[in-house]
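Here is a short tour to read with the model open beside you. Have a look at the ligand first, then at the sheet.

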Amino acid sequence: MMLCLQTAAELAQKIEEYKQAGLTIGFVPTMGYLHDGHLALVSQSRQNCDVTVVSIFINPAQFGPNEDFAQYPRDLARDKVLLERAGADILFAPDTAEIYPPDNSVRQLRADARLSAVACGLTRPGHFDGVVTVVARLFDLARPDKAFFGRKDYQQLRIIQKMAEQEKYPVQISGCPVVREPDGLALSSRNKYLSAGQRKNALALSRSLTEAARLLRGGQAIAAARLCMQNILENTPEVKIDYLEFLRRPDLSRLTDYEPGNTVILGAVYVGATRLIDNIEV
Ligand code: AMP
């Protein structure tokens, strides 16, 4: 039976029991409205740890004032069924006051300045500060041995790895592969916002990334790969580019020349009002 907990105190106590019993704890933080990308993280955790804790918390601190915090899709009843079926041991679904108590006792962290100087760090100011703050708070409560994040949010993964290192959390951070629809669209809770037409147009993002990767592997320059992506995206109705970045792995510095095996292309686009991100490692 999966245990559903809503308070920080209940979670901390349950975790203490597991620790006393010598069990290892796997942790999967999410914002809910779960899909197979999330469930792949749960499966990784179950394979690698004795106990799997999943959190569902839509973190207000990581949304900008004009972003979709209020509309972000929610379906806790459905999420519970999916997690139970996936074999999670604990679902932690707290209210905002449990994560950010009114006494302001929660440590406000800043994301690494270099890793957040590109991509989403530029177009969503403050976003990654909100992310590292909530992840540190959740790590303090769940005290995981291993935590599982998707490579879909590649920049976020790197920033969390850096935070865990700097804050000396005794946790191993795993980056799991991007889970996609059969046609290539990366799974995202935000795909729910797309109309049938937009869903088709959204495919341009993964297609442009695949094309750019193919060009780089074939010996073309980054400038040519970027141009190809721009062509695909700018010729797709309703699509507007937020950014395209060609970065070195793992430090996320901007590349002028392709470095085989060391490169990640990050893309963010608006499809209508919906902002989608994706990436490919080349
Ligand atoms: P979210 O609920 O969007 O905050 O995502 C929670 C976790 O699931 C993060 O570590 C994401 O990177 C991961 N995730 C979301 N979508 C995917 C996907 N399509 N493939 C793999 N991981 C994903």
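Predicted model: local features only at pLDDT ≥ 70, side-chain atom pairs only at ≥ 80, totals over all residues.

Residues are numbered from 1 along each chain as its sequence is written, and side-chain values use heavy atoms, leaving out hydrogens and water.

**Ligand site**

- The ligand is surrounded by 17 residues, a residue being near if one of its heavy atoms lies within 4 Å.
- The closest of these residues are Met31, His38, Asp153, Val179 and Leu187.
- Asp153 places a polar side-chain atom 2.6 Å from a ligand oxygen atom, and a polar backbone atom of Met31 is 2.9 Å from an oxygen atom of the ligand.
- Val179 has a backbone N or O atom 2.8 Å from a nitrogen atom of the ligand.
- Taken alone, the ligand exposes 480 Å², and the protein buries 93% of that (areas by the Shrake-Rupley method with a 1.4 Å probe).
- Two or more shell residues come from each of β2 (25–30), α2 (36–48) and β5 (146–150); helices (H or I, at least four residues) and strands (E, at least two) are DSSP runs, numbered from the N terminus.
- With three residues, α2 gives the most to the shell.

**Sheet and helices**

- Six strands form an open sheet in the order β1-β4-β3-β2-β5-β6, with parallel pairing; two strands pair if DSSP finds at least two bridges between them.
- The edges are β1 (3–5) and β6 (172–176), each with a single partner strand, so one side of each has no neighbour in the sheet.
- β5 and β6 run parallel and are joined by five bridges; Lys146 has Gln172 in β6 as its bridge partner.
- Helix α1 (residues 8–20) lies across β1, β2, β3 (51–56) and β4 (90–92), at about 150° to β4; axes are lines fitted to C-alpha atoms, for helices over the stretch in contact, and angles run from 0 to 180 degrees between N-to-C directions.
- Helix α3 (residues 76–86) also packs on the sheet, touching β1, β3 and β4 (contact means heavy atoms within 4.5 Å), and its direction makes about 165° with that of β3.

**Backbone details**

- Most residues other than glycine have a negative phi, and most peptide bonds are trans.
- Arg249 and Pro250 are joined by a cis peptide bond, with omega about 0°; Pro250 sits in the loop between β7 (239–248) and β8 (263–271).
- Arg143 has a positive phi, near 45°, and lies in the loop between α6 (127–142) and β5.

Terms used. Polar contact = N/O pair within 3.5 Å; in protein donor to acceptor, adjacent residues only side chain to side chain.
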